[in-house]
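This briefing concerns the structure shown below.

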Amino acid sequence: MVYLTGAGPGEIELLTIKALRVIKEADVIIYDRLANPQILKEAKNGCEFVYVGKEDGHHIMPQDDINETIYQNSLKYNTVVRLKGGDPFVFGRGGEEGAYLKERGVGFQIIPGITSAISVPAYAGIPVTHRGVAVSFRVITGHESPNKKSSQIDWESFKSDDTLVFLMGLHNLEKISKKLMEIGKPKDFPCAVISRGTTKEQKTVVGTLQNIVTLSKNIPTPALIVVGKVVELREQLNWFEND
Ligand code: SAH
């Protein structure tokens with residue numbers, strides 16, 4: 001059995017009880033950089049570890065090779081845990097891994113994880129929805145340049161008051177903020193960059209579409225971007241960082 005397992009956003013206690021159980025039972029754990037390495041200490045003696053590193057959304061190992069690695073391990077071991085940061089289906093390519101296994105007749109289960117998309121803002125005191133402020137939120141890949149002709153992102157649709165959460169977007173922050181101003185969001189529209197969320201190194205930078213690039217220069221990854229009026233609630237709700 002292969003468990004496509006979410007490791008949560010970083011803080012070890014944000015791991016689910018189910019994930020912890022399969023980690024303790026695993027014969028092999030195939031993991032990414034994003035998963036808190038402390039989690040691996042929960043594995044039993046003799047458990048194998050396979051690192052298929054993933055940095056800021058970029059795989060060091062091509063996805064096809066990761067799929068094959070999981071498959072090969074499933075032939076060797078009874079209990080295979082594929083551990084991924086956050087949730088396996090939120091920009092985690094868990095769907096591709098599941099489909100690859102299914103085609104080859106290998107049984108798998110999905111263990112959802114707490115995604116960084118909501119938990120990291122929460123640890124920064126930013127609720128992704130809030131009565132009277134935002135009735136919905138959207139989680140968007142920031143990996144695609146907004147200027148790319150073939151972009152699948154409907155930028156015009158971001159005119160609404162949805163909270164926008166961009167993952168993997170730090171290197172495109174300048175383009176993203178420009179694009180949002182182009183579609184009509186005000187220059188002083190609130191946004192935040194949150195780095196290493198839920199860990200001891202968490203750092204939040206709050207600014208506007210106009211100045212966020214300058215303010216968040218050199219901030220370490222992983223980091224996500226939140227755009228929306230909900231960012232202002234941090235003034236009342238910040239609980240985790242002392243600033
Ligand atoms: N499956 C993951 C997301 C994978 S994409 C999930 O559900 O959380 C990787 C991106 O997630 C990073 O580029 C970053 O934007 C975001 N991310 C993951 N962990 C984070 C953390 N602890 N703090 C800030 N951003 C994080």
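With a relative accessible area of 36%, F137 is partly exposed. The model is a predicted one, and F137 is placed in its strand β8, which covers residues 137-141.

**Nonpolar surface**

**Salt bridges**
- In the whole structure, 12 salt bridges are found.
- One of the pairs is R138 with D162, whose closest N and O atoms are 3.6 Å apart.
- Because R138 belongs to strand β8 and D162 to the loop between β8 and β9, this pair ties together parts that are 24 residues apart in sequence.
- R138 is partly exposed at 27% relative accessible area, whereas D162 is buried at 14%; the cut-off for buried is under 20%.
- E156 and K159 form a salt bridge through their side chains, at 2.9 Å from N to O, and E156 is partly exposed with a relative accessible area of 46%.
- A salt bridge also connects the side chains of K178 and E174, at 3.8 Å from N to O.
- K178 and E174 are four residues apart in helix α5, so about one helical turn separates them.
- K178 is partly exposed, its relative accessible area being 47%, and E174 likewise counts as partly exposed, at 46%.
- A network of salt bridges links D32, R82, K84 and E97.
- As a general point, side chains of opposite charge can pair when their charged atoms come close.

**Nonpolar core**
- The largest nonpolar core has 21 residues, and the members that touch the most others are W155, F158, F166, L180, V193 and V227.
- Two or more residues of this core come from each of β9 (163-167), α5 (173-182), β10 (190-195) and β12 (223-227).
- Leaving aside residues up to four places away in sequence, L180 touches W155, F158, L164, F166, K185, L209 and V227.
- In soluble globular proteins, nonpolar side chains tend to be buried together.

**Domains**
- The protein is divided into domain 1, residues 2-111, and domain 2, residues 116-237.
- Taken over C-alpha atoms, the centres of domain 1 and domain 2 are separated by 28 Å.
- Contacts between the two domains involve 12 residues of domain 1 and 16 residues of domain 2.

Conventions: Residues are numbered from 1 along each chain as its sequence is written. This is a predicted model: local features need pLDDT of at least 70, side-chain atom pairs count only at pLDDT 80 or more; totals for chains, interfaces and linings use all residues. Side-chain values use heavy atoms; hydrogens and water are left out. A nonpolar core is a set of buried Ala, Val, Leu, Ile, Met, Phe, Trp, Tyr and Cys residues joined through side-chain atoms within 4.5 Å. Buried means under 20% relative accessible area, exposed over 50%, partly exposed in between (1.4 Å probe, protein chains only). Contact means heavy atoms within 4.5 Å. Domain bounds come from an automatic or database domain assignment. A salt bridge is a side-chain nitrogen of Lys or Arg within 4 Å of a carboxyl oxygen of Asp or Glu.
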